[in-house]
Amino acid sequence: MTDLDEVRAQVAAWLAEAWDPELSLTQWRNRLADSGWGCPAWPREWCGRGLPAASAGMVAEEFARAGAVTAPEGVGMNLAGPTILEHGSDELKRRFLRPTVTGEISWCQLFSEPGAGSDLAGLQARAERDGDGFAVSGQKVWNTSAHHADFGLLLARTDWDVPKHRGITYFVLPMRQPGVEVRPLRQMNGHASFNEVFLDRAQVPAGNVIGEPGQGWTVALTTLAHERRLAPSARRTPEGGGAADRAVREAAEESERAMAPYRWYPQRAGRPDLVIERAIAAGRDTDPLVRQEIVKLITLAWSARWTAQRAAAARALGRPPGPEGSVAKLASSNIARAAARVHAMIAGPAGMLAGADDPTGGTVSEIFLSVPAVSIAGGTDQIQRTILAERILGLAKEPAADAGVAFRKVVTNG
Ligand SMILES: Cc1cc2nc3c(=O)[nH]c(=O)nc-3n(C[C@H](O)[C@H](O)[C@H](O)COP(=O)(O)OP(=O)(O)OC[C@H]3O[C@@H](n4cnc5c(N)ncnc54)[C@H](O)[C@@H]3O)c2cc1C
């Protein structure tokens, strides 16, 4: 029996005894936090079991098999928890980790600004000492789920007299206060995933700094590394939720709210999985040009899948991350665009129809309007090419006019 088989047997035995769908969601998640099975890779003293990261997928499979509710999905478990675990004080861990696992608090990420996306370290939100804490002013943008988050992972500048990477501090911002105004954004594909967040002397207690003041960039790199590593989640809210299954019903309601911003994400990847059935259904699978483009697309998509599998296998063996992340990011942009082109060839003008007017339910038009996001989110194609050129191919570094210059003296558009 391998170590992983042993873990699988342990979690299955625990679920057989402990899973009780009649509990309230919070009661069940508290049981989960006590057991450590909600986040098995976290340390034992902080709601985990200290198991290798590779065990998480397998534990999630056992939860799915038992029909049991997991820890909540989203920014809290994926970004806030790991960042606080790595850089937070014990006081921050005590206050924030357990309620994140139980889902009693929710999170959003407040990094990007109108003038700081690719150049994130050029951010201009300003945090000033104010009594025992800090007052933060500025504007953030692209903030998924900010409209219902209790806390934000916030980057703000605390020192303008040092180079840009050195004057940033990382805060836990309480969102529900008068200095925080959240305005939803609607995208061209009709969904409303993001918000703008306006900060006007928003108050942050001094104890809410993650890491040291001025060291926020190092902490942010941890969050960004976890963000890039995010694979499609193996977690699933179990089906069911009849009157007796209180935990399942409450988890389904929570998931509906938390996952709503991501509903269009399959379409933004271009849906290469749909092209063959669509081509056959539309009678376009005998067209030599369509067949040729389908095969080109599927070749790209399968190669990318195998690269991702090789990267996952290397990670499971504890090898350091290679260039696969940036290669995969660029490949996903190329695949999404190629898939949108093939869907256009198959659907013809009908692909422009939306919603009930379209016999295919509007999927194709949603693909057309969503695919551009892949080349921007998580770092644009141009930025990925620069990373590959400098770090993998060893080409000369991009010139940086602001290197070593106090941020106050850097010319910005803000
Ligand atoms: C779907 C989606 C989800 C997102 N989710 C989040 C999120 O959860 N959290 C968050 O903080 N942000 C998020 N973002 C924001 C995202 O990180 C930024 O949009 C992205 O980094 C680009 O920044 P920008 O929009 O300011 O564009 P800019 O940085 O202004 O870039 C504009 C153009 O200039 C090019 N460019 C910029 N600098 C260079 C350079 N040095 N060399 C060559 N070309 C360059 C870019 O490639 C791009 O084509 C999301 C964006 C999208 C579309």
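A residue counts as buried when its relative accessible area is under 20%. His-343 is at 2%, so His-343 is buried. The model used here is predicted.

Start with His-343 itself. This histidine is found in helix α11, which covers residues 324–347.

Arg-278 lies in helix α9, residues 275–281. Its relative accessibility is 18%, so Arg-278 still counts as buried. Glu-104 is 174 residues away from Arg-278 along the chain. The C-alpha atoms of these two residues are separated by 43 Å.

Ala-71 gives another case. This alanine lies in the loop between α3 (55–66) and α4 (75–87). With a relative accessible area of 2%, Ala-71 is buried. Val-101 is 30 residues from Ala-71 along the chain.

Now take the cysteines. Is Cys-39 buried or exposed? Its relative accessibility is 5%, so Cys-39 counts as buried. Cys-47 has a relative accessible area of 9%, so Cys-47 is buried as well. To count as one, the two sulfur atoms must lie within 2.5 Å. The cysteine sulfur closest to that of Cys-39 is in Cys-47, and the distance is 5.6 Å, so the two are too far apart for a bond. Seen from Cys-47, the closest cysteine sulfur is that of Cys-39, again at 5.6 Å and too far for a bond. By this rule the count comes to 0 disulfides.

Cys-47 has a backbone feature to note. Cys-47 sits in the loop between α2 (25–35) and α3. Its phi is near 70 degrees, a positive value in a residue other than glycine. Trp-142 also has phi near 70 degrees, again positive in a residue other than glycine. Trp-142 lies in the loop between β3 (133–141) and β4.

Next come the aromatic rings. How many aromatic pairs does the structure hold? There are 12. One of them joins Phe-96 and Phe-151. Their ring centres are 5.0 Å apart. Their planes meet at 75 degrees, so the pair is edge-to-face; planes over 60 degrees apart count that way. This pair links distant parts of the chain. Phe-96 belongs to helix α5 (residues 90–102), and Phe-151 belongs to strand β4 (residues 151–157). The two are 55 residues apart. Both Phe-96 and Phe-151 are buried.

Trp-264 and Tyr-265 form a further pair. Their ring centres are 4.9 Å apart and their planes stand at 70 degrees, so this pair is edge-to-face. What about accessibility? Trp-264 is at 3%, so Trp-264 counts as buried. Tyr-265 has a relative accessible area of 22%, so Tyr-265 is partly exposed. Tyr-265 has a charged neighbour as well. Arg-268 lies over the face of Tyr-265, at 3.9 Å from the ring centre.

Another arginine is placed over a ring. The charged end of Arg-126 sits over the ring of Trp-160, 4.3 Å from its centre. Tryptophans also come together elsewhere. Trp-14, Trp-19 and Trp-28 form one aromatic cluster.

Finally, turn to the ligand. How many residues surround the ligand? There are 17. The closest are Ser-112, Ser-118, Thr-380, Gln-382 and Glu-398. Some side chains place polar atoms by the ligand's nitrogen atoms. The side chain of Ser-112 has an N or O atom 2.7 Å from a nitrogen atom of the ligand. For Glu-398, a side-chain N or O atom is 3.0 Å from a ligand nitrogen. For Gln-109, a polar side-chain atom lies 3.4 Å from a nitrogen atom of the ligand. How much of the ligand does the protein cover? On its own, the ligand has 970 Å² of accessible area, and the protein covers 68% of it.

Terms used
Residues numbered from 1 in each chain as written. Predicted model: local features only at pLDDT ≥ 70, side-chain atom pairs only at ≥ 80, totals over all residues. Heavy atoms only, no water. Buried < 20%, exposed > 50% of the residue type's maximum accessible area, 1.4 Å probe, protein only. Phe/Tyr/Trp six-rings, centres within 6.5 Å; stacked < 30°, edge-to-face > 60°. Helix = DSSP H or I, 4+ residues; strand = E, 2+ residues; numbered from the N terminus. Lys NZ or Arg CZ within 6 Å of the ring centre and 35° of its normal. Near = heavy atom within 4 Å. Polar contact = N/O pair within 3.5 Å; in protein donor to acceptor, adjacent residues only side chain to side chain. Areas by Shrake-Rupley, 256 points an atom, 1.4 Å probe, with all protein chains shown as cover.
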